[in-house]
Amino acid sequence: MSLKICSLASGSKGNCIYIASRRTSLLLDAGVCLTRIRGALADIGEAMPKDVVLTHTHSDHYKYVGAAVKNGASLHYNRVMRRFVDDYEGSEEFGGDICIGDITVSPFAVSHDVPCCGYSFYSEGSKISVVTDLGFMPRPTLEAVADSDAVLIESNYDEEMLRTNPEYPERLKARIAGMRGHLSNAQSAECVAYLVGKGVKKIILGHLSEQNNTPEKASACAMDALSSYNLRGAADIHVALQHSRSEVIEV
């Protein structure tokens, strides 16, 4: 094992992902409170990391970053987010790859309605990629993460559930389903099939909407796509949830 990943919370109400190598640990986003983060980490025998890497400044990813910084964490963010990020002392703005301990952090832009990045994390020959909050998946991005050992990919909404949701106005539905919104189960499933066909062995479906999706629907859609390409059983499929941590996945 050179890298491990654990989703501490994933969904529209808050996101936080734990990434660790043999000697280094970090959080990707801090959209849930520190008590929740520390509790989930304690469950897996880990301490609070000293570094937070940011995907973007929507509150479900950014809300508790300030609290983490006040408690001693260093914030790292891509320069495309510059005018959206609070000026925390000691924060690091970066444009390309950076090293946090023995983890290389490599950003890539994704299509969302604020400046937003996905990331690949490397250590000792292992690679984990996280791709959420994007309205579509460009082929170059898919190719760039296809050599990962594990990928956490967005599977935000079931198209029919979103279409028929009486609580969502049409403008919000259009935003979610648009080119700067989120990936549907069907879009995600096609990406999953491609990644597994390229050799990715561990897939985590993340950022599921509680109003417009279910873990069962997201998982079934991914599995159906794998079956259609004769790839069923070629990779482990996990689902990251809003109110509980995932298992720890090691690569």
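Q: Hi! How much space lies in the largest pocket?
A: About 320 Å³. A pocket here is an open set of points on a 1 Å grid over the protein atoms alone, where a 1.4 Å probe fits, with protein on both sides within 12 Å along at least five of seven lines. Points are joined across faces, edges and corners, and the volume is the space filled by probe spheres set on them.

Q: Before we go on, what kind of model is this?
A: This is a predicted model, where local features need pLDDT of at least 70, side-chain atom pairs count only at pLDDT 80 or more, and totals for chains, interfaces and linings use all residues. Residues are numbered from 1 along each chain as its sequence is written, and side-chain values use heavy atoms, with hydrogens and water left out.

Q: Thanks! Which residues are closest to the centre of that pocket?
A: S12, Y168, R175, H182 and H207, out of 22 residues that line the largest pocket. A lining residue has an atom within 4 Å of a point.

Q: And how does the lining divide by residue type?
A: Into four nonpolar, 13 polar and five charged residues. Ala, Val, Leu, Ile, Met, Phe, Trp, Tyr, Cys and Pro count as nonpolar, Asp, Glu, Lys and Arg as charged, and the others, Gly among them, as polar.

Q: Which helix gives the most to the lining?
A: α6, with three residues. Both α2 (59–62) and α6 (170–177) supply at least two residues each. Helices (H or I, at least four residues) and strands (E, at least two) are DSSP runs, numbered from the N terminus.

Q: Switching to charges: how many salt bridges does the count come to?
A: The count is 13 salt bridges, each a side-chain nitrogen of Lys or Arg within 4 Å of a carboxyl oxygen of Asp or Glu.

Q: What does K127 form a salt bridge with?
A: With D147, the closest N and O atoms being 2.5 Å apart. K127 sits in strand β10 and D147 in the loop between α4 and β11, 20 residues apart.

Q: Are those two buried or exposed?
A: K127 counts as buried, at 4% relative accessibility, whereas D147 counts as exposed, at 52%. Buried means under 20% relative accessible area, exposed over 50%, and partly exposed in between (1.4 Å probe, protein chains only).

Q: How far is D147 from L195 in space?
A: 8.1 Å, C-alpha to C-alpha, although the two are 48 residues apart in sequence.

Q: What about R22, which residue does it bridge to?
A: To E124, with the closest N and O atoms 2.8 Å apart. That pair links distant parts of the chain, 102 residues apart: R22 is in the loop between β2 (16–20) and β3 (25–28), and E124 in the loop between β9 (117–123) and β10 (126–131). E124 is partly exposed, at 44% relative accessible area. R22, R23, D102 and E124 are linked in a network of salt bridges.

Q: Last topic, the sheet: in what order do the seven strands come?
A: β6-β5-β4-β3-β2-β1-β14, as an open sheet with mixed pairing. Two strands pair if DSSP finds at least two bridges between them.

Q: Why is one side of β6 and of β14 left without a neighbour?
A: Because β6 (92–94) and β14 stand at the edges, each with a single partner strand.

Q: And how do β4 and β5 run, parallel or antiparallel?
A: Parallel, with three bridges joining β4 (residues 51–53) to β5 (residues 74–78). V53 stands opposite H76 in β5.
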